[in-house]
Amino acid sequence: MSDTTLKAFRATLVDFNDLAHSSEQIAEQFRYIADGLLVVEDGKIRDLLPWTLEAEQQLACEVMDLRGKIIMPGMIDTHIHYPQTEMIAAFGEQLLEWLEQYTFPTESKYGDEAYARQMATFFIRQLFSHGTTTALVFGSVHPESVEALFGEAEKYAMRLIAGKVMMDRNVPTGLEETVQQSVQQTEALIERWHGKGRLGYAITPRFVPTSSPQLLEKAGELRQRYPDVWMQTHLSENQKEIAWVKQLYPQQESYLAVYDHYRLTGKRSVFAHCIHLEDQEWQCLHNTGSSVSFCPSSNLFLGSGLFNLSAAKAHHIPVGIGTDVGAGTSFSLLRTLGDGYKVQQLQNYKLNACEAFYHATLGGAHALDLHSVIGNLSPGKEADFIVIDPAVTPLQALRHHNSKDIFGQLFVLMTLGDERNIAQTWVNGECVWQQGITEESHHAVFA
């Protein structure tokens, strides 16, 4: 790496200037500079502006010429399970059976600290190689899993949020914890990692069926004690799951009402899936300022259902995109956006590229309450961005060049694109991934 802290890039620049709710507002906030100059200093974005020879000559550094490529903010994955990386693409089951047959046995390995470190390293490299610079991540029930993940993310000054799963019933022997153990381990992790560098902690009750009332009560108390941490969980993913919740908590009027009763809704609370919500649940999400993670790939893979993006927008609920690995079948948010388009088509909603990329960048940052520091290329923001080659295959090149405008090019990217399109990934102003550089040489080049 160069000794200078000043870096500059010439490329097409794409992002969103400010937050928005409706499709029309999102389009108004879209920012496109066909031939732009991005300037980064000390891990922050200093300038973005149209390229001119004069502007380039005024810089006290060499400009990296990336013409033909697109620079956009790093993508934000708002729901993903790192222990499930190794069981991605597991055949044949829907949610509850899938958990029993595949997830729980796999997650049982993560009490082994050395194994957790090995998989955390693999997981972070997968994020970078797929263009993801921030993620909200589930660990396993073991604190070792989160220690390993935070330790790996810290090496890159990555902005990452994670938490150990809390669950004290309806799980296999060996994964069940006591309420006291769960709370003590969670609090110790918060004290050790939350706010350390660019890391954040998320209180993580897996979902209501594996949570006793006592555990949810204590999780809510932790949330009150540490008001700036996050909370992540699952909500209304599967019809059998919802029926089970009603059996376990008959005194509550809905699935979301259970979380709300235990003070687990609110800003920095992110609920994954939200497929089968009742009207009062949408309203509760809005009233409490809670966020949603739309996980189209996993919803299709597990046969869970179709997320109602129109309802979320109508209630002004922040929506991010989640790959939900390992029920989701790719780390690529480009592929996930393509599935999102198909899910919305089945509901007669046309998810255009402008709106899709908003939810994967600034919208995802808003869902995580991080839009003041990441999510676009505005001066002062943290320099997390990706360089995209929009035409890495003959078919992509054909469609890219016959697209009428940038919106057409971005739509081709989200429907035909994948990790091959990620030319470079930059985190905190440093390149952490470059296409064509092997894993063995990557550390030597960029560390």
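**Backbone and core**

Modeller: Start with D369, which sits in the loop between α15 (362-367) and β14 (385-388). Keep in mind that this is a predicted model.

Biologist: What is phi of D369 near?

Modeller: Phi of D369 is near 60°. That is a positive value in a residue other than glycine.

Biologist: And A157, where does that lie?

Modeller: A157 is in the loop between α5 (143-154) and β7 (159-163). Phi of A157 is also positive, near 50°, and A157 is not a glycine.

Biologist: How exposed is A157?

Modeller: Partly exposed: the relative accessible area of A157 is 30%.

Biologist: New topic, peptide bonds. Which residues does the cis bond join?

Modeller: V325 and G326, with omega about 10°. G326 belongs to the loop between β13 (319-321) and α13 (333-345).

Biologist: Now the inside. How many residues has the largest nonpolar core?

Modeller: That core has 112 residues. Y82, L160 and F357 have the most contacts inside it.

Biologist: Which helix gives the most to this core?

Modeller: Helix α4 (residues 113-129), with seven residues.

Biologist: Back to Y82. What does Y82 touch?

Modeller: Leaving out residues up to four places away in sequence, Y82 touches Y110, A116, M119, A120, F123, V137, F138, G139, S145, A148 and L149.

How values were computed:
Residues numbered from 1 in each chain as written. Predicted model: local features only at pLDDT ≥ 70, side-chain atom pairs only at ≥ 80, totals over all residues. Heavy atoms only, no water. Core = buried A, V, L, I, M, F, W, Y, C linked by side-chain atoms within 4.5 Å. Buried < 20%, exposed > 50% of the residue type's maximum accessible area, 1.4 Å probe, protein only. Helix = DSSP H or I, 4+ residues; strand = E, 2+ residues; numbered from the N terminus. Contact = heavy atoms within 4.5 Å.
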